[in-house]
Amino acid sequence: MGDKAMTHLADLLADSKNAKILKLKKNKITDEGFSVLNEAFRKNETLKSIMLDFNQLTEKSIENFTKMVANKKNTLSIKRISFMNNNIVIGKCKAFIKDVKSREVDMYI
C-alpha cells in the first residue's frame with residue numbers, strides 16, 4: 001500500500017467503532033506513513049492489536065508511538081504492537097520498550 005494509502009486508512013481508523021486488529025505486514029510503510037497512522041491510533045477506541053512487520057520503519061516510529069502511549073490524556077485500547085523485521089536497531093529502543101510496558105502495552109521489535 002505504501003505511505004500514500006496511510007492517510008485514507010487513518011481516516012477510516014479514526015472513526016471506526018469495530019476495528020480490533022490491524023495487520024499491515026509488507027506494505028512499504030515508512031516513518032512518514034506511520035506518523036499519520038499514529039494519530040489515528042490515538043483517536044481509535046477499539047483497536048487492540050497492530051502488526052507492522054516487514055515494513056521500512058525506524059526507531060523514529062518507535063519513539064513517536066511511545067510518546068503517544070505515554071501521554072496521560074490518551075485512553076488507548078491498544079495492548080499489542082509489533083514492529084518486527086523493520087529497519088530498527090533494538091539497542092536504541094530499550095528505554096522506549098520499558099515506557100510502553102509501563103502502560104501495559106506489549107511491543108515487539
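Which hand does the crossing of helix 2 and helix 3 have? The crossing is right-handed, the term for a near helix turned clockwise from the far one by less than a right angle.

Before going on, a word on the model: it is predicted, with local features needing pLDDT of at least 70 and side-chain atom pairs counting only at pLDDT 80 or more, while totals for chains, interfaces and linings use all residues. Residues are numbered from 1 along each chain as its sequence is written, and side-chain values use heavy atoms, leaving out hydrogens and water.

**The helix pair**

Helix 2 covers residues 31-43 and helix 3 covers residues 59-70; their axes sit 10 Å apart at an angle of about 15°. That makes the two helices roughly parallel (angles under 35 degrees). On the helix 2 side, D31, F34, N38, F41 and R42 make the contact, meeting K60, S61, N64, F65 and M68 of helix 3 (contact means heavy atoms within 4.5 Å). By type, these residues split into 4 nonpolar, 3 polar and 3 charged.

**N55, in the loop**

N55 lies between strand 2 (49-51) and helix 3. With 6% relative accessibility, N55 counts as buried (under 20% relative accessible area, using a 1.4 Å probe and protein chains only).

| Backbone atom | Distance to N55 side chain |
|---|---|
| nitrogen of N27 | 2.9 Å |
| oxygen of L52 | 3.0 Å |

Leaving aside residues up to four places away in sequence, N55 also touches L24, K25, K26, N27, K28, I29, N85 and N86.

Key: Axes are lines fitted to C-alpha atoms, for helices over the stretch in contact, and angles run from 0 to 180 degrees between N-to-C directions. Helices (H or I, at least four residues) and strands (E, at least two) are DSSP runs, numbered from the N terminus. Angles under 35 degrees count as roughly parallel, over 145 as roughly antiparallel, 65 to 115 as roughly perpendicular and the rest as oblique. Ala, Val, Leu, Ile, Met, Phe, Trp, Tyr, Cys and Pro count as nonpolar, Asp, Glu, Lys and Arg as charged, and the others, Gly among them, as polar. Buried means under 20% relative accessible area, exposed over 50%, partly exposed in between (1.4 Å probe, protein chains only). A polar contact is a pair of N or O atoms within 3.5 Å; within protein, one must be able to donate a hydrogen and the other to accept it, and residues adjacent in sequence count only if both atoms are side-chain atoms.
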